[in-house]
Amino acid sequence: MLKEFRDFIAKGNVMDLAVGIIIGAAFTAIVNSLVGDLINPIIGLIIGGIDFSNMYLVLRGDVADGASLAAARESGAAVFAYGAFISAIINFLIIAWVVFLLVKAVNKARDAAIKKEEAKPVPPPGPTE
C-alpha cells in the first residue's frame, strides 16, 4: 500500500498539479496587487475618483459618514460590500485573460513543433529488390 501511494505521488500529473497550485497561489498575490494598486485606482479616477475597495451599503447598524469598509465592519454593522465584489470580478477577468494567453501560447508552440516535425523531408524509399 505504501509503495502504491509513493508511485501515485511520483507520477508526473500529481507533481504538475502541486507545482501549478503553488505557482497559482503566488500568481494570485500578483494579480491582487495589480488590481488593487493599479487597475482599481485608474477605474476610480475615470469614474470620478471613487475607490472600489470602500464601496458599500449599510444594511443594518450605525456607521459614521465616510467611514471605510474596514471601520464599518469593525463597528459590527451589516454591510453590502459591492466594491469588493467588483474587485473580485476584475481579478477573475484578469486571471482568465492571462490563462487564455498562456494556453494560446502553448498551443501555438505545440502546433509549430508539429508542423516542423511534419515538414522534415522524408527520404525516398530505396529499391525494394
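Author: Start with V79. Setting aside neighbours within four places in sequence, V79 is in contact with Y56, L57, L59, L69, A72 and R73. The model is a predicted one.

Reader: What makes these residues count as being in contact with V79?

Author: The cut-off is heavy atoms within 4.5 Å. Y56, L57, L59, L69, A72 and R73 are in contact with V79 on that basis.

Reader: Which residues make up the largest nonpolar core?

Author: Seven residues: Y56, A67, L69, A72, A77, V79 and A81.

Reader: How do you know that the members of a nonpolar core are buried?

Author: Burial is part of the term, because a nonpolar core is a set of buried residues joined through side-chain atoms within 4.5 Å. Buried means under 20% relative accessible area.

Reader: Now the surface. Which residues form the nonpolar patch there?

Author: L2, F5, F8, I9 and M15. Together they have about 530 Å² of accessible area. Helix α1, residues 2–10, gives the most, with four residues. M15 is found in helix α2, residues 12–46.

Reader: Why is M15 called partly exposed?

Author: Its relative accessibility is 44%.

Reader: How many aromatic pairs does a search of the whole structure find?

Author: Two. F80 and Y82 form one of them, with 6.4 Å centre to centre and 35° between the planes.

Reader: What makes F80 and Y82 a pair, and why is it called tilted?

Author: Ring centres must lie within 6.5 Å, and here they are 6.4 Å apart. Under 30 degrees would be stacked and over 60 edge-to-face. The angle is 35°, so the pair is tilted. F80 is partly exposed at 46%, and Y82 is partly exposed at 30%.

Reader: What about W97 and F100?

Author: W97 and F100 also form a tilted pair, with 5.4 Å centre to centre and 35° between the planes. They are three residues apart in helix α4, residues 82–119, so about one helical turn separates them.

Reader: Why is W97 called exposed, and F100 partly exposed?

Author: Exposed means over 50%. W97 has 51%, so W97 is exposed. F100 has 42%, so F100 counts as partly exposed.

Reader: How do you know that R110 and D111 meet in a salt bridge?

Author: The limit is 4 Å from a side-chain nitrogen to a carboxyl oxygen. Here the N to O distance is 3.9 Å, so the pair qualifies. The structure holds one salt bridge. R110 is partly exposed at 46%, as is D111 at 37%.

Reader: Where does P127 lie, and what makes it exposed?

Author: P127 lies in the segment after α4. Its relative accessible area is 78%, and the limit is over 50%, so P127 is exposed. P127 and F27 are 100 residues apart in sequence and 59 Å apart in space, C-alpha to C-alpha.

Reader: And how far apart are I86 and F52?

Author: In sequence, 34 residues; in space, 7.2 Å, C-alpha to C-alpha. I86 is found in helix α4. I86 is partly exposed, with a relative accessible area of 27%.

Key: Residues are numbered from 1 along each chain as its sequence is written. This is a predicted model: local features need pLDDT of at least 70, side-chain atom pairs count only at pLDDT 80 or more; totals for chains, interfaces and linings use all residues. Side-chain values use heavy atoms; hydrogens and water are left out. Buried means under 20% relative accessible area, exposed over 50%, partly exposed in between (1.4 Å probe, protein chains only). Patches are made of residues with over 30% relative accessible area and no salt bridge: like charges are joined within 9 Å, nonpolar side chains (Val, Leu, Ile, Met, Phe, Trp, Tyr) within 5 Å. Accessible areas come from the Shrake-Rupley method with a 1.4 Å probe; for residues, only the protein chains shown count as cover. Helices (H or I, at least four residues) and strands (E, at least two) are DSSP runs, numbered from the N terminus. Rings of Phe, Tyr and Trp (its six-membered ring) pair if their centres lie within 6.5 Å; planes under 30 degrees apart count as stacked, over 60 as edge-to-face and the rest as tilted.
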